[in-house]
Structures are given as structure tokens and as C-alpha cells.
Amino acid sequence: MVESGAVKPVGPDEAGVMGRDSVFPSTHWSVVLSAGRQESGEAAQALETLCRTYWYPLYVYVRRRGYNREDAKDLVQGFFAHLLGRDFLRGVGQGKGRFRSFLLASLNHFLSDQRDRSRAAKRGGGQTLISLDADLAERRYGEEAADELTPEIAYERLWATTLLERARARLAEEYTTQGKTDLLLRLEEFPLGERGETSFRDCAARLGLSESALKSAVHRMRARYRELLREEVAHTVNDPAEVADEIRYLITVVSR
């Protein structure tokens, strides 16, 4: 599970399970790429959803490039104003790769263009299409352990962390909706990617379950988490066949 301030990677065996063929509906990034030169409200909404989800890794990337808090906020907001502009989707087409890589390359190009421009230009001409919680971002940024990661590695690690956290949050929401919050809290004693130290026998006794029933519950929790993580990753690639490789790569990133 993803704990506060930590990431619990999915184990290699679980990545293999997530690599099995599965039928996926159109995902956010595939919808954006398929828009081509046509005006598409659906594609614009999909792109905005992706930007709202992954703004924090971009913010940290800009901060690690040496920009201060206010400039980082201005630049990321300005970048989104540029990215979500009406004409931008017309320039996006097939072959743009995974959204993670596309977004960073686009941001670097934007930063280069903005280097000699005024703050008003950085703000995207006064537009704030996506509101950033700079205070929250700075608290998170300040609480993160000091390290010597490059801006690029920090960006990718936070990208992976965001995916894991979103899958974890969706899992918790499902259990809460079913009135099983207490059960989830107990099941979380058994890490997703590896066997934990907690005894099945002891935990089963606390829950009033048989040991076999508890093992089944843990198996279902892990399986559902894998499904949710796969769905989150699928939204950032253009082809479901890329999901397994992307998951393996992100596991490597958070394990460094």
C-alpha cells in the first residue's frame, strides 16, 4: 500500500499479472491522440483531466530546475494555459508516445520559450485554466527527504507515486462505499508487493475470520489494487499493450 510519505511498489510477480491481455475502453491519452486536427471537446476534457492529475510532478520538476515558488507556480499555470489552448490539440497526433514523456518534453520546450518573457506571459496572458494549490505543493516539497535526484528522476518518481496513490485512494473509496473501511485497515497490514510480517492467524482472530477467509480477502484486495493501478496507467498510454512495460518501468523508478 502507499503510506503517507512512502511508496510500496507492486512486486514483479504482480506486474506480470497486470501484463495479461485485457479489453480497455478509450483512455484519456488515447482520446487526446486520436483527436488529430479535429476540434474535440472530449479530447480537451481528457487532456485537462490528465493535467489536473499530474501537475505536482511538474511543479517539483520546475522547482528543482532552480525556480522559486512563485515563478514555478506561474510557469506551470502558464504551461497549462498553453497546453489547453484551443489550437494545441490540432498539433497533437499519433506517435507522441506516452503522456509522461510527452508532458515533460512539452514543458521543457515551454520553459525555453519563456526564459526571456515577462511574468504576464508566464501566466498565460492572465489565464488560470487549472488552479494550483501552491501552499500545499510547497509543504509537500519541503517535507520530502533531501536528496540529490536530478529534476528528471524526481519528476518520474513523483509520477509513479501519483499513480500508486490514485489507485490506493480508489481502493479505499470502494471499501468505504461498501462499509468495509475497518476491514481494509486490517488488510493493509499485508503489503501488496511482498509478504508481510503480520501473522494471518493473529489478524484473522482480531477480525473474527478464519485464516483461509482472511487469505482470500487479502488476495481480493491485492487483485483489485492491481486492476485499479493498471487502469490508472492505461490512461497515460496510447495502447493497452504498453501498460505492462510502463508499470515495470515505474516500479524501477520508485525502487531506486
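This is a predicted model: local features need pLDDT of at least 70, side-chain atom pairs count only at pLDDT 80 or more; totals for chains, interfaces and linings use all residues.
Two packed helices are described by the angle between their axes and the distance between the axes. For helix α4, which spans residues 55-64, and helix α8, which spans residues 134-143, the axes come within 11 Å and cross at roughly 65 degrees, and the handedness of this crossing is right-handed. On the α4 side the contact is formed by W55, Y56, Y59, V60, R63 and R64, while α8 contributes A134, A137, E138, R140 and Y141. Sorted by class, the contact between α4 and α8 comprises seven nonpolar and four charged residues, with no polar ones.

From the helix pair we turn to charged side chains elsewhere in the chain. Side chains of opposite charge can pair when their charged atoms come close. With a cut-off of 4 Å between a side-chain nitrogen of Lys or Arg and a carboxyl oxygen of Asp or Glu, the count for this model comes to 14 salt bridges.

One of these salt bridges joins R69 and E70, whose closest N and O atoms are 3.8 Å apart; this pair is counted because the cut-off is 4 Å. R69 has a relative accessibility of 29% and counts as partly exposed, and E70, with a relative accessible area of 36%, is likewise described as partly exposed.

In one of them, the side chains of R170 and E231 meet with an N to O distance of 2.7 Å, and the pair links distant parts of the chain, since R170 lies in helix α9 (residues 151-177) and E231 in helix α12 (residues 211-234), 61 residues apart. R170 is partly exposed at a relative accessible area of 27%, and E231 counts as partly exposed at 28% relative accessibility.

How exposed is E174, in terms of relative accessibility? E174 counts as partly exposed because its value is 22%, whereas buried would mean under 20%; R224, at 23% relative accessibility, also counts as partly exposed.

Finally, some salt bridges share partners, and in this way R98, R100, E156 and E246 are joined into one network.

Notes:
Residues are numbered from 1 along each chain as its sequence is written. Side-chain values use heavy atoms; hydrogens and water are left out. Axes are lines fitted to C-alpha atoms, for helices over the stretch in contact, and angles run from 0 to 180 degrees between N-to-C directions. Helices (H or I, at least four residues) and strands (E, at least two) are DSSP runs, numbered from the N terminus. A crossing is left-handed if the near helix is turned anticlockwise from the far one by less than a right angle, and right-handed if clockwise. Contact means heavy atoms within 4.5 Å. Ala, Val, Leu, Ile, Met, Phe, Trp, Tyr, Cys and Pro count as nonpolar, Asp, Glu, Lys and Arg as charged, and the others, Gly among them, as polar. Buried means under 20% relative accessible area, exposed over 50%, partly exposed in between (1.4 Å probe, protein chains only).
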